[in-house]
Amino acid sequence: MGWGELSSSPCNLCPRECGAGRKDGQTGYCLSDNRIFVARAALHMWEEPCISGEAGSGTVFFSGCNLRCVYCQNYQIAAGKKGRQVSVKELAEIFLMLQAQGAANINLVTPDHYIDQIVRAVLEAKDMGLLIPVVYNGSGYEKREVIRNLAGIVDIFLTDFKYMDGELAEKYSKAPDYPAVAKGALAEMVRIAGSAAFDEKGMMQKGIIVRHLLLPGHKKNAKEVIRYLYETYQDKIYISIMNQYTPFVKTGADSGFKELRRKVTRREYESVTDYAIDLGVRNAFIQEGDTARESFVPEFDLNFHV
């Protein structure tokens, strides 16, 4: 299946298959039509060390999202309320300007719903001299056939694996099929990207990093995710266990999600990381220090720092 079929109208690009006529100006579940909106483009220092390095990752944050978790730290742009419209050509030029600034890679953050336009922009940028790796930084809630079409376009998958519990996925993301969808998408990522490769500075050139954000009170889900990832892929992938959960307005006193009103405790996080180590996980990233540091939440000021 090619991009023409995947991005047809009514839209069937993501697992929601909401049927929106995005090419006719309707917005889908992702809160986006066919126009590209970017909320931020800048060097970003707070990804995993082999992604940001000393130079920074050339991150491009796209507005809208097909998952829209209740605890999303980027909820301002996930709701499609922030963003500047750009054309495919302008997006390609943004990629090249980030490369000129010394970016270690081009980091596409929440790209799912614009992926056909993004692919065109990447190809155009490569024709104009883009040489650094392209990172697909998504939620894990992607169709397997969409990932399959990224072969030769994306070098690194920096993907989430949020839930092994379908009920939890329904509660927080309205996506009870998330575990099955994420498993299929990840299998395709591994097939495309293969084993990790690094340059002489330790920067990843190709491979897969799977992120799991520990939610307060949900150690069991985290451990089930880690066990599945390790038992299925062993050292073919890197696992990033994140402690940066940040309570926001959407998880406040009136939200109905009282369990999400606090940060993750040190004891909770250590319980999960100790489990991973005991399981045999060696290719892993573990965050040190306080949870939910301010630096993890970018300022979506619409001023592109390129």
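Modeller: Accessible areas come from the Shrake-Rupley method with a 1.4 Å probe. The structure discussed here is a predicted model.

Biologist: What share of the accessible surface of the protein chain belongs to carbon and sulfur atoms?

Modeller: The accessible surface of the protein chain comes to about 13000 Å². The part of this surface that belongs to carbon and sulfur atoms is 49%.

Biologist: How many helices and strands does the protein chain have, and what percentage of its residues count as buried?

Modeller: The protein chain contains ten helices and ten strands. A residue counts as buried when its relative accessible area is under 20%. Of the 306 residues in the chain, the share that counts as buried is 55%.

Biologist: How far apart are the end C-alpha atoms of helix α10?

Modeller: Helix α10 covers residues 266-279, which makes 14 residues. The expected span uses 1.5 Å times one less than the number of residues. At 1.5 Å a residue, the helix should therefore span 20 Å, and this agrees with the distance between its end C-alpha atoms, 20 Å.

Biologist: Why do the buried residues of α10 line one face of the helix, and within what arc do they fall?

Modeller: The buried residues of α10 are Glu268, Tyr269, Val272, Thr273 and Ala276. Seen down the axis of α10, these residues line one face because their directions fall within an arc of 125°.

Biologist: Which residues are exposed on the other side of α10, and which elements are included in what covers its buried residues?

Modeller: On the other side of α10, the exposed residues are Arg266, Arg267 and Asp278. The cover over the buried residues of α10 includes α9 (219-233), β9 (238-242) and β10 (284-286).

Biologist: Is Gln287 buried or exposed?

Modeller: Gln287 lies in the segment after β10. The limit for a buried residue is under 20% relative accessible area. Gln287 has a relative accessible area of 19%, so Gln287 is buried.

Biologist: Which side chain is joined to that of Gln287 by a polar contact of 2.8 Å?

Modeller: The side chain of Gln287 reaches the backbone nitrogen of Asn243 at 2.7 Å. The polar contact of 2.8 Å, in turn, joins the side chain of Gln287 to that of Gln244.

Biologist: Where does Gly83 lie, and what distance separates its C-alpha atom from that of Ser63?

Modeller: Gly83 is in the loop between α3 (75-78) and β3 (84-86). With a relative accessibility of 26%, Gly83 counts as partly exposed. Gly83 and Ser63 are 20 residues apart along the chain, and their C-alpha atoms are separated by 5.8 Å.

Terms used:
Residues are numbered from 1 along each chain as its sequence is written. This is a predicted model: local features need pLDDT of at least 70, side-chain atom pairs count only at pLDDT 80 or more; totals for chains, interfaces and linings use all residues. Side-chain values use heavy atoms; hydrogens and water are left out. Helices (H or I, at least four residues) and strands (E, at least two) are DSSP runs, numbered from the N terminus. Buried means under 20% relative accessible area, exposed over 50%, partly exposed in between (1.4 Å probe, protein chains only). The arc is that of the directions from the helix axis to the C-beta atoms. Contact means heavy atoms within 4.5 Å. A polar contact is a pair of N or O atoms within 3.5 Å; within protein, one must be able to donate a hydrogen and the other to accept it, and residues adjacent in sequence count only if both atoms are side-chain atoms.
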